[in-house]
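Dear colleague,

Please find the structure below, passed on to you for your reading. The notes after it set out what was found.

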Amino acid sequence: QVQLVESGGGLVQPGGSLRLSCAASTSIFVEVMGWYRQAPGKQRELVASITRSGTGAYVDSVKGRFTISRDNAKTTVYLQMNSLKPEDTAVYYCNTAQGGWAWGQGTQVTVSS
């Protein structure tokens, strides 16, 4: 079973930045990978995805502020988050773009002054 380990979350002030990492226990080369988030009382949503060749796609709410990247050799996916807003507060997870692997524990991101 594939294991996903997310890290890099924390408490940050509005306007701040964080870089999240997701390490997979298997090759991610063939997969379209994604970052998801789940805010309290809300459903988990896919906020960014990246193809094998490195093309990213984003939901409108994070476009221009978040950047997804990947290192296939390190089986790691990253999410650079800039200009953070309170509404970005959530637990962030990575998975394939179809959510086909077992979910990791996620990493908490809290944006608050």
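A residue is called exposed here when its relative accessible area is over 50%, and buried when that area is under 20%, with partly exposed in between. With a relative accessible area of 65%, Asp60 is therefore exposed. Please bear in mind throughout that this is a predicted model.

**Salt bridges**

Asp60 forms a salt bridge with Lys63, and the closest N and O atoms of the pair are 3.1 Å apart. How many salt bridges does the count come to? The count comes to four salt bridges.

Two of the others involve Asp88. The side chain of Asp88 meets that of Arg37 in a salt bridge, at 2.9 Å from N to O. Asp88 lies in the loop between β8 and β9, whereas Arg37 belongs to strand β4 (residues 33-38), so this pair ties together parts that are 51 residues apart in sequence. Both Asp88 and Arg37 are buried.

Asp88 also meets the side chain of Arg65 in a salt bridge, here at 2.7 Å from N to O. Arg65 is placed in the loop between β6 (56-58) and β7, and Asp88 in the loop between β8 and β9, so the pair ties together parts that are 23 residues apart in sequence. Arg65 is buried, as is Asp88. A network of salt bridges links Arg37, Glu45, Arg65 and Asp88. As a general point, side chains of opposite charge can pair when their charged atoms come close.

**The disulfide**

Which residues form a disulfide? Cys22 and Cys94 do, with their sulfur atoms 1.6 Å apart. The bond links distant parts of the chain: Cys22 is in strand β3 (residues 18-24) and Cys94 is in strand β9 (residues 90-96), 72 residues apart. The count comes to one disulfide.

Are these two cysteines buried or exposed? Cys22 has a relative accessible area of 1% and is therefore buried. Cys94, at 0% relative accessibility, also counts as buried.

**The open sheet with β3**

Strand β3, which holds Cys22, is part of an open sheet of four strands in the order β1-β3-β8-β7, with antiparallel pairing. β1 (4-7) and β7 (66-71) stand at the edges with a single partner strand each, so one side of each has no neighbour in the sheet. On average, neighbouring strands of this sheet are turned by 15° against each other, direction ignored.

Within this sheet, β3 pairs with strand β8 (residues 76-81) in the antiparallel sense over six bridges. Arg19 has Gln80 in β8 as its bridge partner. In general terms, strands of a sheet pair through backbone hydrogen bonds, either parallel or antiparallel.

**Strand β9 and its partners**

Strand β9, which holds Cys94, has seven of its seven residues buried, so β9 is largely enclosed by the rest of the structure. β4 and β9 run antiparallel and are joined by six bridges. β9 and β10 likewise run antiparallel, joined by three bridges. Val91 takes part in both pairings: Gln38 stands opposite Val91 in β9, and Gln108 in β10 is the bridge partner of Val91.

**Gln105**

Where is Gln105 placed? Gln105 is found in the loop between β9 and β10 (107-111). Its relative accessible area of 48% makes Gln105 partly exposed. Leaving aside residues up to four places away in sequence, Gln105 touches Leu4, Val5, Glu6, Val91 and Tyr93. The side chain of Gln105 also reaches the backbone oxygen of Glu6, at 3.0 Å. Between the C-alpha atoms of Gln105 and Arg19, 86 residues apart along the chain, the separation is 17 Å.

**Two positive phi values**

Thr75, in the loop between β7 and β8, has a phi near 45°, a positive value in a residue other than glycine. Thr75 is buried, with a relative accessible area of 18%. Ser83, in the loop between β8 and β9, has a positive phi of about 50° although it is not a glycine. At 40% relative accessibility, Ser83 counts as partly exposed.

With kind regards

Definitions and conventions:
Residues are numbered from 1 along each chain as its sequence is written. This is a predicted model: local features need pLDDT of at least 70, side-chain atom pairs count only at pLDDT 80 or more; totals for chains, interfaces and linings use all residues. Side-chain values use heavy atoms; hydrogens and water are left out. A disulfide is a pair of cysteine sulfur atoms within 2.5 Å. Buried means under 20% relative accessible area, exposed over 50%, partly exposed in between (1.4 Å probe, protein chains only). Two strands pair if DSSP finds at least two bridges between them. Axes are lines fitted to C-alpha atoms, for helices over the stretch in contact, and angles run from 0 to 180 degrees between N-to-C directions. Contact means heavy atoms within 4.5 Å. A polar contact is a pair of N or O atoms within 3.5 Å; within protein, one must be able to donate a hydrogen and the other to accept it, and residues adjacent in sequence count only if both atoms are side-chain atoms.
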